[in-house]
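Subject: Structure for your review

Dear colleague,

Please find below the structure that I am handing over to you. My notes on what was found in it follow directly after.

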Amino acid sequence: MPRLTVIESSSPQLPDPHARLTFPALQDALAAYIEAPAETGAVDAVDLALAQAALHRASDLYFEPWDDCLALRYRIDGILHDVAVLPKAHQSRVMARLKILARIVTYQRDMPQDGRIEPEATPCGKAMRVSTFPTVNGERILVRILDSSDSPMTLEELGFDASLTAALRDLISRPQGTLLLTGPSSSGKTTTIYALLREILDRRKPAPHAVTIEDPVEYRLDRAAQTEVNPHAGLTFEAALRAVLRQDPEVIMLGEIRDSATAHAAIQAGLTGHLVISTIHSGTAAGVFTRLIDMGVEPFLVASSVTGVLAQRLVRTICPHCATEVLPDERLRTQYGLAGVDGHYRMGRGCDRCEGIGYRGRTAIGELMTVDETIAELILGRTRTVIVHEAALARGMKPLARDGAERVRSGVTTFEELYRVLPAPGARAEAE
């Protein structure tokens, strides 16, 4: 955590809102604003924190009350970074400003609240979602940058292997079926789904009747009907899906399958002439089938409706401005099956462009299991997940670990980063 610096200034100079500051410079500017005698100090400090978050490509900002200060942290490429600390005495002013922007109750501090900051209210022009949570040191506020004004990525921009991308295109070209994505939180599932929808809307002529049911809507898509769930009003994923089926959509994007009722509705929709794309939580592609059956969906429905399952992760990519050739860790090299295998192994030294981190940006790795007759028979027999996984490998599926190892070998990322998001099969075997 950077040391708190207080700048004596009665009228601090506002920095260029379009210029990215280093973290130390941002710390000094925030301290100058908050300590200035002007009444707008907290307003300027919050505006600067929000603007700089967007310039640093942060997905989230955390305003965290600690024992002796208010900490500001950014989540960049999935990793939290300490950015600045502000005096504890100004904590209430900063939190009040955030609540006013989010249009939530400023005086309620003992219950969680959710709000939204509209694009026109932020210096970076991006919509933001705000969540408060009470702690023993005061309220903790998370601000998520939604980037709803940006265009969805294309399938090629996601970074998947070319053969996997081609297989995904084949699955979404089918008139019906259910394509499921799985992976932990912040593994890029929603971004992949939007890329798939963009592909469908751009390639099919005329554009199909496409509907999305989300929580919340992350990107705005032309030629698609998008809606946000509202559980407080009874508009759950399951209720919205059943209602929209009466409007005869061709393509349905369901943000997440969370419960048995939604699972049944989604699987049935994939059987009755609709192309359904959704996400579900599971560790591997093969594990999705067990998860659906555990939710009460009959195996014959799963085998008939699901056409493919994509398990994915996001790994940070090496900063191109400070990349250098290295000798990789031999132990990790062995665990990922690359012992003695030559490659373009690199790492980032850290520079101003990446704030000394050594990584800049992320790319996706994945394993795609397509459901053919062999896999369908295993699902019908309620076969164990490991056997389904092995059968898919025998039929050509590239597992996540191998896909990640190939990215390390080609100099896209490092073994250390891959191990952070996906411990090697060899490491698990050693532990056992």
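Two residues are said to be in contact when heavy atoms of theirs lie within 4.5 Å. Please bear in mind that this is a predicted model.

By that rule, and leaving aside residues up to four places away in sequence, His-344 touches Glu-325, Val-408, Arg-409, Ser-410 and Gly-411. His-344 and Arg-409 are 65 residues apart along the chain, yet their C-alpha atoms are separated by 5.5 Å. His-344 is located in the loop that runs between α11 (330-335) and β14 (346-348). With a relative accessible area of 38%, His-344 is partly exposed.

The cysteines come next. A disulfide requires two cysteine sulfur atoms within 2.5 Å, and the count by this rule is zero. For Cys-319, the closest cysteine sulfur is that of Cys-322, and because the distance is 3.8 Å, it is too far for a bond. Cys-351 is likewise in no disulfide, the nearest cysteine sulfur being that of Cys-354, 3.8 Å away. Cys-319 has 0% relative accessibility and therefore counts as buried.

Finally, there is a pair of helices. Helix α7 (residues 237-245) packs with helix α8 (residues 260-271) at an angle of about 25 degrees, and their axes are 8 Å apart. Angles under 35 degrees count as roughly parallel, so α7 and α8 are roughly parallel to each other. The crossing of α7 past α8 is left-handed. Among the residues making the contact are Phe-237 and Leu-241 of α7 and Ala-265 and Ala-269 of α8. The residues of this contact comprise seven nonpolar, one polar and two charged.

Yours sincerely

Conventions: Residues are numbered from 1 along each chain as its sequence is written. This is a predicted model: local features need pLDDT of at least 70, side-chain atom pairs count only at pLDDT 80 or more; totals for chains, interfaces and linings use all residues. Side-chain values use heavy atoms; hydrogens and water are left out. Helices (H or I, at least four residues) and strands (E, at least two) are DSSP runs, numbered from the N terminus. Buried means under 20% relative accessible area, exposed over 50%, partly exposed in between (1.4 Å probe, protein chains only). Axes are lines fitted to C-alpha atoms, for helices over the stretch in contact, and angles run from 0 to 180 degrees between N-to-C directions. Angles under 35 degrees count as roughly parallel, over 145 as roughly antiparallel, 65 to 115 as roughly perpendicular and the rest as oblique. A crossing is left-handed if the near helix is turned anticlockwise from the far one by less than a right angle, and right-handed if clockwise. Ala, Val, Leu, Ile, Met, Phe, Trp, Tyr, Cys and Pro count as nonpolar, Asp, Glu, Lys and Arg as charged, and the others, Gly among them, as polar.
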